[in-house]
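Here's a quick tour of one structure, with a few local spots picked out. Have the model open alongside as you read.

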Amino acid sequence: MSSSPRARAELRHPRPPWSSDGSGHLHWFRKGKEEYEEPHLTRLILFIEDDEHIRRQLTMSLKNEGYQVDEAGSGEEGLEVFGYHPADIVLVDLRLPGIDGFEVSRRLRHSSDVPIIVVTASADTHDVVAGLEAGADDYVVKPIVAKELTARIRALLRRVGTGAPTDSVVRFGEIELYRERNMVYRNGVELALTRTEFRVLCELAEHPGWVLSRAQLLERVWDYDFFGDDRLVDTHIGRLRMKIEADPSNPELIVTVRGAGYKLAP
């Protein structure tokens, strides 16, 4: 008799004893030039991919890096698994049959701020931007290079575990930003920002009136100095504007400085 996705996941491994909302603290040690998580802080990855060969191969690579992995062969199964066994990070193929990766990302983002990495068959701008707009934090292109993927995963998890230094409130326009509480209000109404959107806004708010280049934002927000893509920055800036600007088509808070980057209007 075949078991349910829930039963298979629970047989593979129990849920780690820390939450997936960033409350567990990450500790790091060096091994050569690479960074690894301490073994007792192993994180759980949900990998949603319909190609069994790719899924098995990458799952093995991720486990060799010390991660626990839940596997799902469809969008429907992935959402079901996440519902009862929330992961610390989700890796999802965009071109799934049935509920595709775009819709999976939208549904996950509707109920969770779990970090999401989408997998695309090409670096085609439409797929990448659509995946990011659906709620993803980052993307990788097939064929997936395991070393690059694990570097991106580590970077995302470092950002999840990073606390803010103060609880001071920053005000600009109609916006109030509380760093330590991870809260943003517009005219007294709390806004639903993803972790990455929040970090982009914090970075701009720390340097009001300063122009931050896309490369600077990639390094400071995504922790990338070699895997970065300008589309990550541009798409998240667009999503932020939709949430904080009175007129996103004519932004007054987050201003584009052509050829240079973005700045928060003082």
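Tyr-178 counts as buried, at 14% relative accessibility (buried means under 20% relative accessible area, exposed over 50%, partly exposed in between, with a 1.4 Å probe and protein chains only). This is a predicted model, where local features need pLDDT of at least 70 and side-chain atom pairs pLDDT 80 or more, while totals for chains, interfaces and linings use all residues. Residues are numbered from 1 along each chain as its sequence is written, and side-chain values use heavy atoms, leaving out hydrogens and water.

Search the whole structure and you get one aromatic pair. Tyr-178 and Tyr-185 have ring centres 5.9 Å apart and planes at 90 degrees, so they sit edge-to-face (rings of Phe, Tyr and Trp, the last by its six-membered ring, pair with centres within 6.5 Å; planes under 30 degrees apart are stacked, over 60 edge-to-face, the rest tilted).

## Gln-68 in β4

Gln-68 belongs to strand β4, residues 68-72 (strands are DSSP runs of E, at least two residues, and helices runs of H or I, at least four, numbered from the N terminus). Gln-68 is partly exposed, with a relative accessible area of 22%.

## Where α3 meets α4

Which residues make the contact between α3 and α4? Gly-75, Leu-79 and Phe-82 do it from α3, with Val-104, Arg-107 and Leu-108 from α4 (contact means heavy atoms within 4.5 Å).
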